[in-house]
Structures are given as structure tokens and as C-alpha cells.
Amino acid sequence: MPVRLPAALTALAAAVWLGMVVGVSFLATPVKFQAPSLALPVALEVGRVTFGLFSRVEWGFAVLLAVSVGLPGAGRGARLLAAAVLAFVAVEAIWLLPALDARVEAVIQGRPEPASWHHLLYAVAETAKAVLLAALALLALRRLGWEAGPGRTAAGVPGD
């Protein structure tokens, strides 16, 4: 197995996943609540469906990431960052998203619950996950020699 494969797979998975987190959590979700003709229950239901699907997509990326950092040569730092990302995904999927879904269902049924900290916690978790994914992608790119510059390897010697 090529030595660069774990870093390349990790960089790809982390960077694409990061882009999806930014697109879904930090762009599309806040924007839909600014649409004046979109009623709150409808916006919440769209969000519930979106995040339900996105959670399944994230589990796919989690598997890819776990495989990539499990390969020989992946590096301890990549494994630690990936473990942290996977912990966030698990907590969101197992506990936080179901709690938010219950709140959304209450609003849709016309019996909104008092304000809670669940949405804030989700935003904080998504931000932390995005930072971890960015760090993981940059670490993997660095292992590939990204900061060495064109035509040079990570060791600073001319490349092929």
C-alpha cells in the first residue's frame, strides 16, 4: 500500500465533509429562516428532513474517515482528530438530533416548547466539528507535502 494513501484519503474525506458541514449547517439552514414566505413549522420540518439525511451522509464519511486513519502510516494526530470528529457525530446522531426532532415535532403540532439550549449546543457542536475537520484536512495535506511548495516534497528536496 502506498505510504501516501492514508493521508490522501483522510484529506479528501475531511475536506469534502467540511464543505458539506459549512454548506448545510452554516449556509443553507440559516438562510431558510430568512425567507419571509416560509412558515416556521415548514422551515423546521425541512430542517428536520435535511439534518436527518445529512446525519446518514455523515455516518458514511465517518466510516471512510475511520478506514483512512486506520490504515498503516495514518499518524497519531490524524487518529486523534478523527476520533474527536466521530465522537461529535455519534453524540449528535444518538442524542442531540432526536432531542431537536422532538422539539420540531412539537412546533409542527402547534404546541411549541419553552426555549432550550439544544439549538445552541448543536451550533457549537457543528462549529467544533468543522474546526476539527479543517485541522484534520490540513494535517493530512501537510503529510502529503502540501506546504513544501510546487515541485518539492515534504522533506524539502526536489520531487519527481
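Buried here means under 20% relative accessible area, exposed means over 50%, and partly exposed lies in between (1.4 Å probe, protein chains only). The views below show a predicted model, in which local features need pLDDT of at least 70, side-chain atom pairs count only at pLDDT 80 or more, and totals for chains, interfaces and linings use all residues. Residues are numbered from 1 along each chain as its sequence is written, and side-chain values use heavy atoms, with hydrogens and water left out.

View A. Side chains of opposite charge can pair when their charged atoms come close. The term salt bridge is used for a side-chain nitrogen of Lys or Arg within 4 Å of a carboxyl oxygen of Asp or Glu, and by this rule the count comes to six. Helices (H or I, at least four residues) and strands (E, at least two) are DSSP runs, numbered from the N terminus. Arg48 counts as partly exposed because its relative accessibility is 22%, and Glu45, at 36%, is also partly exposed.

**View B. Glu58 meets Lys129 in a salt bridge between helices.** Here the closest N and O atoms are 2.5 Å apart. Glu58 lies in H2 and Lys129 in H4 (residues 118–143), so this pair ties together parts that are 71 residues apart in sequence. Is Lys129 buried or exposed? Lys129 is buried, with a relative accessible area of 0%; Glu58 is buried too, at 2%.

**View C. Lys129 also forms a salt bridge with Glu92.** The closest N and O atoms of this pair are 2.7 Å apart. With Lys129 in H4 and Glu92 in H3 (residues 76–108), the pair links distant parts of the chain, 37 residues apart. Glu92 is buried, its relative accessible area being 2%. Follow the shared partners and you will find Glu58, Glu92, Glu126 and Lys129 joined into one network of salt bridges.

**View D. Helix H1 bends by about 30° at Gly23.** The bend is the angle between axes fitted to the seven residues ending at a residue and the seven starting there. Buried residues of H1 include Trp17, Val21, Val24 and Lys32. The buried residues of H1 pack against H2, H3 and H4, where contact means heavy atoms within 4.5 Å.
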